[in-house]
Amino acid sequence: MLPHQSFSVVPQLPKSLERLRELAWNLRFSWDPETGDLFQMMDADLWDECGQNPVQFLGRISQVKLEECAKDDALLSNLERVSNDFSKYLASDTTWFHKSEASRGPSSRIAYFSAEFGLSPCLPLYSGGLGVLAGDHLKAASDLGLPLTGVGLLYQRGYFQQYLNSDGWQQEKYPTNDFHNLPLRPARAADGSEVMLHLPLDDRTLLVKVWQADVGRVPLVLLDTNVPGNPKEYRTITADLYGGDSETRLLQEYVLGIGGVRALHALDREPDVFHMNEGHSAFLVLERMRILMERDGLTFEEARTASGASTVFTTHTPVHAAIDLFSTQQMTRVFPDWMATFDQDAEEFMDLGREVPGEGPFNMAVFALRSADATNGVSRLHGKVSRGMWKHLWPGVPEDEVPIQSVTNGIHTQTWISRGMRELFDRHLGRRWSRDPDEASLWDAVEKIPAEALWRAHEVQRQRLVSYVRDRMRAHLELTNGTSVEIANVNEVLDANALTIGFARRFAPYKRGNLILRDVDRLLAILNDAKRPVQFIIAGKSHPKDEPGKKLIQEIVQFSRDERVRGRIVFVEDYDMDVAAHLVQGVDVWLNNPRRPLEASGTSGMKASANGAINMSVLDGWWDEAAEEHLGWSIGNGEVYADKETQDQIESGALYDLLEHEVIPLFFDRGRDGLPRGWIRMMREAIRGLAPVFNTNRMVAEYAQRFYLPTAARAHRLSADSWKGGRDLAAWKHRVTEAWPNVRVSEIESEPVAECSVGQVLPVRARVDMGGLAAADLEVQLYHGEISPEGEIEHAEVVPMVTDGAADNGSFWFSGEVPCPRTGHRGFAVRVLPHHADQASSFRPALIRWNSDPVGNGAPELVPA
């Protein structure tokens, strides 16, 4: 039955408690424990029952209880203190950004688009690491005072909740989110009206309601298609995160990209920089180009140049199989208006996102890479992997120079640190660690924490983890009518004093969640050592359509039910941010064993190390650059194997060796005072060495300094004077592209020496046929380095050449010197690149000419450094 009228019911708060409202509707409560303490003081049981959701809590607490709280002097005193701190936080003008030069220059407003955001367990708009990273990104941007707005989708059911059947097989259920009991509100335009977007789709109109969640100082704009007035098939577009088929994904990404740009315009939040967190939002580029063409009168190429100049793309995908691909039929059905504006037919439009023109589907990663002038991977190794993965988009460019950089991920430390560790850090490091977690000198004071205090704080967290796991198991048994014996036996599960190893992540085959089961006899010997007890706590979900991932979960669950290990290996169902927090705060060792190099970054190990756990990981993702002997243990030495079976055999053996000979002995090596001082020393080193580097304050500041601020400044230059700079740059690109077939290195002059002494230089002159271009349009370089056994230049360095003036027939001479810095077999080549002061990179136009390539556009394949 449809309602005659709908309306929202809001809490009726006594005047003295009114300030609870602003605290409840701002997600800062998710990283400020004192805000949560306020609601817990009012009714601890109800607070836990509501999943620590303050909006639902205020809607369910009785009016009688509210009136009692309104007269509680202790509560009111705490409310005043917390509320004043919150107000100061919002109004602060002493943040990192406010103190930077950028805050006094042209505007640098950033829009951060992501398909998922993990901000709090009570706002389930995430599936895993990508969303949690996006949530931490917003929190750090708030702490730093960065003028950033998040843009995402508001899922009616979010990601699934996991439960296991009697065979240990993953099942999924999809509870419905009640938006009116979540910390978000309808977004409103300047005139106070609720924002509703109207997007064209199938010759009809798709209505999209815009909501807003506040993340400290940062607004998060969320788009919702479950709107009265939409047909049923439209209302379900934003029903599930990563649900449905390819058609659903296309429509979700259409809403995110196209609707996201329109929502920002409707809210008068037009940004200077657009950051695409993965390729799901890449359609935003189409909408921005349409606006630039229709509003500002730019041509297609001018709009493409202008849009790219203010776009940042972060790829998280190290494998082709994870990329969204759409057919010609799908794309032409959804985007006829954009094709008409661009004056393109189907093939021309599809080529914007194809790897090879005229062939294959529309690839969202390819489109994003081509559409953003600034691109990056999410760890140093992932940047390298991405350059190798996408080097064919820049033919002739050496792999290590492909224009994909890297910014290593981090964590929002305040969100993930345990209460006990927070208090310990406050006492011994001072409170600045939470405001400036990226300041390394602050963490040196970890050495001052007494060994006993650090160990006891960690032991308390392990005990809480064990209790938490038991409580979840007990609640599950009660819900599923478990026997009284089964419920009583829960108290025998896990040992609060055992060495506790955690493994939690998405269950996909490449993450090898079952590697620890490779040699059951060795594992049994480890688990059944009564003098040195060891236990594993495992959690994670598999995508509903990933049958191999589900089989991995089943294998672990069934093994955990073996009487020989019962209570020593536990699988925790329904992995979410709450489970993750308890795990990373309570385990002693964090295990990570993906197939290198398929883990783009990973952040769970960073969270664990900030809480004093020690990492044991394959050298992949973030650990590849973080690993040092005193900070944790590495499984293998970074090898990549062609045969998976061989790799699993070798690396499982290395894992058992580490446990048997290093990890377990160190943990149980106790002094007369019962303290494992060697272990505590390693805890200190891990916290001090990793916490100041792998945090989102460092990460977001790095994005700002290397991408956001330079991108905003460049976009302002190009847009000035009715886009004169952008038009000029587009015209230059067109001119250079037309002339490029006639650009070549026609002659090289150098002394034919067989040997050079260290420190000498080899003079070189090169004659370049300019193809009608000016010397200022080109950059001529000496590319020199060692000669590999295959006869190719490797470990190359670049020396710019300068023009000696015009020769004849439109040619120019350029000269330079090849240095001889060390002994060995060395060589050089000459190359030509397009040059313009306003282009983001000389490699961006994908034009390069080598002396060995007078007619094509490629160079000899280089061995990467």
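In what sense do strand 18 and strand 19 pair, parallel or antiparallel, and over how many bridges? Let's start there, everyone. What we have on screen is a predicted model. In it, strand 18, residues 534-539, pairs with strand 19 in the parallel sense, and the pairing runs over 4 bridges.

Strands of a sheet pair through backbone hydrogen bonds, and they do so either parallel or antiparallel.

Now zoom out. Those two strands belong to an open sheet of 6 strands, in the order 19-18-17-20-21-22, with parallel pairing. At the edges you'll find strand 19 (569-572) and strand 22 (632-635), each pairing on one side only. From one strand to the next, the twist averages 20°. A helix joins the picture too: helix 26, residues 577-586, packs on the sheet and touches strand 17 (499-504), strand 18, strand 19 and strand 20 (589-592). The direction of helix 26 makes about 155° with that of strand 18.

Strand 27 pairs with strand 28, residues 811-819, in the antiparallel sense over 4 bridges, and Val802 has Ser815 in strand 28 as its bridge partner.

Next, the rings. How many aromatic pairs does a search of the whole structure find? The search finds 33. Here is one of them: Phe179 and Trp211 have ring centres 5.5 Å apart and planes at 70°, and because an angle over 60 degrees counts as edge-to-face, that is what we call this pair. It links distant parts of the chain, as Phe179 is in the loop between strand 6 (170-173) and strand 7 (185-186), while Trp211 is in strand 9, residues 204-215, and the two are 32 residues apart. Both Phe179 and Trp211 are buried.

Compare that with Phe349 and Phe362, which are stacked, at 6.4 Å centre to centre and with 25° between the planes. Phe349 is in helix 15 (residues 346-351) and Phe362 in strand 14 (residues 362-363), 13 residues apart. Phe349 has 0% relative accessibility and counts as buried; Phe362 is buried too, with a relative accessible area of 0%. Both belong to one aromatic cluster, whose members also include Tyr254, Trp338 and Phe367.

The charged end of Arg28 sits over the ring of Tyr89, 4.3 Å from its centre. Arg765 lies over the face of Trp813, at 4.3 Å from the ring centre.

One last stop: Asn230, in the loop between strand 10 (218-224) and helix 9 (232-235). Is Asn230 buried or exposed? Its relative accessible area is 7%, so Asn230 is buried. The Asn230 side chain reaches the backbone oxygen of Thr225 at 2.9 Å. Beyond neighbours within four places in sequence, the contacts of Asn230 include Thr205, Leu206 and Arg235.

Note on methods: Residues numbered from 1 in each chain as written. Predicted model: local features only at pLDDT ≥ 70, side-chain atom pairs only at ≥ 80, totals over all residues. Heavy atoms only, no water. Phe/Tyr/Trp six-rings, centres within 6.5 Å; stacked < 30°, edge-to-face > 60°. Buried < 20%, exposed > 50% of the residue type's maximum accessible area, 1.4 Å probe, protein only. Lys NZ or Arg CZ within 6 Å of the ring centre and 35° of its normal. Polar contact = N/O pair within 3.5 Å; in protein donor to acceptor, adjacent residues only side chain to side chain. Contact = heavy atoms within 4.5 Å. Pairing = 2+ DSSP bridges. Axes fitted to C-alpha atoms, helices over the stretch in contact; angles between N-to-C directions.
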